[in-house]
Amino acid sequence: MNIINNVSVTGTGLWAAQTLQAEFLRASKSYSPDIDPRLPLHDVLAANLTANANVITVSNISAFPIPDISSNEYGVVRVKQEVILYEDVFAGNSSLGMLTRTFANTASSGNVLAGNLVTILGLRTVNT
């Protein structure tokens with residue numbers, strides 16, 4: 001059996017698209033992370049993220065869960081294609097700290113400008 005994929009993906013994606021169809025999908029209850037907990041929450045970078053940064057500054061720090069390192073629970077976010085673990089949540093300056101970059105062999109996101117999407121993947125137990 002041959003599986004042929006003729007799909008090409010271009011554009012801004014559902015999160016940033018301004019089309020009528022995108023507005024409809026974002027407005028539907030099944031798309032809301034508050035109603036469907038299987039969907040990740042999203043936020044945006046409040047400052048540029050450099051390739052060697054150990055802090056991520058976000059716009060809504062209250063959306064990010066607080067890790068419990070004594071139980072090996074780390075916070076997990078995705079910026080572009082990179083999955084990043086964080087150990088600390090600093091409400092005072094709206095940032096995530098003590099980062100483990102390129103977790104699970106994901107590619108580095110490099111330098112990312114403020115305003116880009118941060119996907120909140122919740123807490124994960126990591127065994128060393």
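# A guided tour, starting at a salt bridge

Begin by selecting glutamate 82 and arginine 101, which form a salt bridge whose closest N and O atoms are 2.9 Å apart. This pair links distant parts of the chain, since glutamate 82 belongs to strand β4 (residues 82-90) and arginine 101 to the loop between β5 and β6, 19 residues apart. A salt bridge here is a side-chain nitrogen of Lys or Arg within 4 Å of a carboxyl oxygen of Asp or Glu, and a search of the whole structure finds one. Side chains of opposite charge can pair when their charged atoms come close.

What you are viewing is a predicted model, in which local features need pLDDT of at least 70 and side-chain atom pairs count only at pLDDT 80 or more, while totals for chains, interfaces and linings use all residues. Residues are numbered from 1 along each chain as its sequence is written, and side-chain values use heavy atoms, with hydrogens and water left out.

Are glutamate 82 and arginine 101 buried or exposed? Glutamate 82 counts as buried because its relative accessibility is 0%, and arginine 101 also counts as buried because its value is 17%; buried means under 20% relative accessible area, exposed over 50%, and partly exposed in between, with a 1.4 Å probe and protein chains only.

Now select threonine 106, which is found in the loop between β5 (95-100) and β6 (117-125). Its side chain reaches the backbone nitrogen of valine 83 at 3.0 Å, and a polar atom of that side chain lies 3.0 Å from the backbone oxygen of phenylalanine 103. If you leave aside neighbours within four places in sequence, threonine 106 is in contact (heavy atoms within 4.5 Å) with Gln81, Glu82 and Val83, so the tour comes back here to glutamate 82 of the salt bridge.

Next, colour strand β3 (residues 73-79), where five of the seven residues are buried. Which strands are joined to β3? Seven bridges join β3 to β6 in an antiparallel arrangement, and five bridges join β3 to β4, which also run antiparallel; two strands pair if DSSP finds at least two bridges between them. To follow the pairing by eye, select tyrosine 74, whose bridge partner in β6 is arginine 124, and then valine 77, whose bridge partner in β4 is isoleucine 84. In the hairpin of β3 and β4, which has two residues between the strands, look for lysine 80, which takes a positive phi near 55 degrees.

Move on to alanine 46, which lies in the loop between β1 (41-44) and β2. Alanine 46 counts as partly exposed because its relative accessibility is 44%. Although alanine 46 and valine 58 are twelve residues apart in sequence, they are 4.7 Å apart in space, C-alpha to C-alpha. Not counting residues up to four places away in sequence, alanine 46 touches Thr57, Val58, Ser59 and Ala114.

Finally, show the whole chain, which has two helices and six strands, running α-α-β-β-β-β-β-β from the N terminus on. Helices (H or I, at least four residues) and strands (E, at least two) are DSSP runs, numbered from the N terminus. Colour by pLDDT, the predictor's confidence in each residue from 0 to 100: the mean for the chain is 86, and 81% of its residues reach 70 or more. Among the elements, helix α1 (residues 13-16) has the lowest mean pLDDT (68) and strand β2 (residues 55-57) the highest (97).

Methods: A polar contact is a pair of N or O atoms within 3.5 Å; within protein, one must be able to donate a hydrogen and the other to accept it, and residues adjacent in sequence count only if both atoms are side-chain atoms.
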